[in-house]
Amino acid sequence: MIQNQWYGILDADEVKVGKLTGVTRCDEKLVLWRKKDGSIACIADKCCHRGASLCKGELQGDKVACPFHGFVHDASGKVVLIPANGKNTPVSDRYKVKSFTVVEKYGVIWLWYGDPAAEKPDIPFFMELTQKFVYSQFKEVWPVHYTRAVENQLDVVHLPFVHADSIGRGNRTLVHGPVVTWDEQRMTFYVHNVVDDGETKPMKADEMPDYLKYFSLQFQMPNLWQNRISDQVRIVAIFAPIDQENTMIYLRFYQSFMPVWGMRHLVGFFANLANRRVLHQDRAVVVTQRPIKSELTMGENLIPGDAPILNFRRRRAELKGEFKGRIK
Ligand code: FES
Ligand SMILES: [Fe+2]
């Protein structure tokens, strides 16, 4: 995990009105709920009394009562009532659990991972998708650290092998570039794969001045990805870290060509079917990678085509304060 980042952790619909939602994200057991004003509360899902899970308790207005002995925690994590001590007994400040800053935006719940007092950047998102686009989505857990799941979507080399009968059709094994550019914490990379005729030499990134005409994908640190299929069709993935060994992937199909209610759901349904098939082709291989977490220095033998992956590793290491080199 990288400190002081907004991590997309849940779909907004997963936190329902009047219900407690217990999840593990970013290595933390969390309980979330919607307050009366609609904002989201998020505190550690471990009662400060004797460790019971609060998500099995009762929502009382904007507060949550533990199911074991009824300690009532407010949205800041502080205990405001210990029933066994009586309503008339003030509660010491030491009875509290950690609270987390969470924000709902773009249909996603974002968790601020890091120093609560740090200056927070805007929530990272692909702003063009907030206009005209609608989306459908599915989610699934992968038993890998989120870095491996992310890198799979930055991998421009694997297509003809893993997806030979789907998006990698055509045996385009030779990889030109790819060209990688950065804007703040957003990487855009341009892909040009061709059939290897035995004579063509792959171009280096700096030999591709007209790279803008190629297919491109984007990655926004720390866990958001977009495949820009066309002006009207995008696939977005949110790689929500569960813990060191598991990742929840939310895969969204965004489109702006079919706004009509029923038809739009039909389009979304079939797109999800296709995307799930492609994602499962990836998963079959990615779950075999060892180690299940990637690092900048880990003894792998990368090739020029892995440039987006290397960029991700460097940027991640830089944000973690582990790398001071030049980001390319
Ligand atoms: S464990 Fe929660 S009130 Fe006792
Ligand atoms: Fe893939």
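So, which residue in E3 is the bridge partner of Arg25?

What we have here is a predicted model, so local features need pLDDT of at least 70, side-chain atom pairs count only at pLDDT 80 or more, and totals for chains, interfaces and linings use all residues. Residues are numbered from 1 along each chain as its sequence is written, chains are lettered from A and ligands numbered from 1 in the order in which they are written, and side-chain values use heavy atoms, with hydrogens and water left out.

Back to the opening question: the partner of Arg25 is Glu28 in E3. A word on naming: helices (H or I, at least four residues) and strands (E, at least two) are DSSP runs, numbered from the N terminus. Two strands count as paired if DSSP finds at least two bridges between them. E2 and strand E3, residues 28-34, run antiparallel and are joined by five bridges. In the loop between E2 and E3 sits Cys26, which has a positive phi of about 50° although it is not a glycine.

Strand E7, residues 72-73, pairs with E8 over two bridges in the antiparallel sense, and His73 has Val79 in E8 as its bridge partner.

Okay, domains. The chain is divided into domain 1 (5-113) and domain 2 (127-319), with bounds that come from an automatic or database domain assignment. Their C-alpha centres lie 34 Å apart.

How many residues of domain 1 are in contact with domain 2? It's 16, against 21 residues of domain 2, where contact means heavy atoms within 4.5 Å. The area buried between the two is about 1,400 Å², and carbon and sulfur atoms give 51% of that. Buried area here is the accessible area (1.4 Å probe) that two parts lose on being put together, summed over both.

Two salt bridges turn up across that interface, the rule being a side-chain nitrogen of Lys or Arg within 4 Å of a carboxyl oxygen of Asp or Glu. Arg252 also forms a salt bridge with Asp11, with the closest N and O atoms 2.9 Å apart. As for who supplies the domain 1 side, strand E1 (5-11), E2 and strand E10 (108-113) each give at least two residues. The largest share, seven residues, comes from E1.

The bond from Gly177 to Pro178 is cis, with omega near -5°, and Pro178 lies in strand E12, residues 174-183. The bond from Arg290 to Pro291 is cis as well, with omega near -5°. Pro291 is in the loop between helix H3 (261-286) and helix H4 (307-319).
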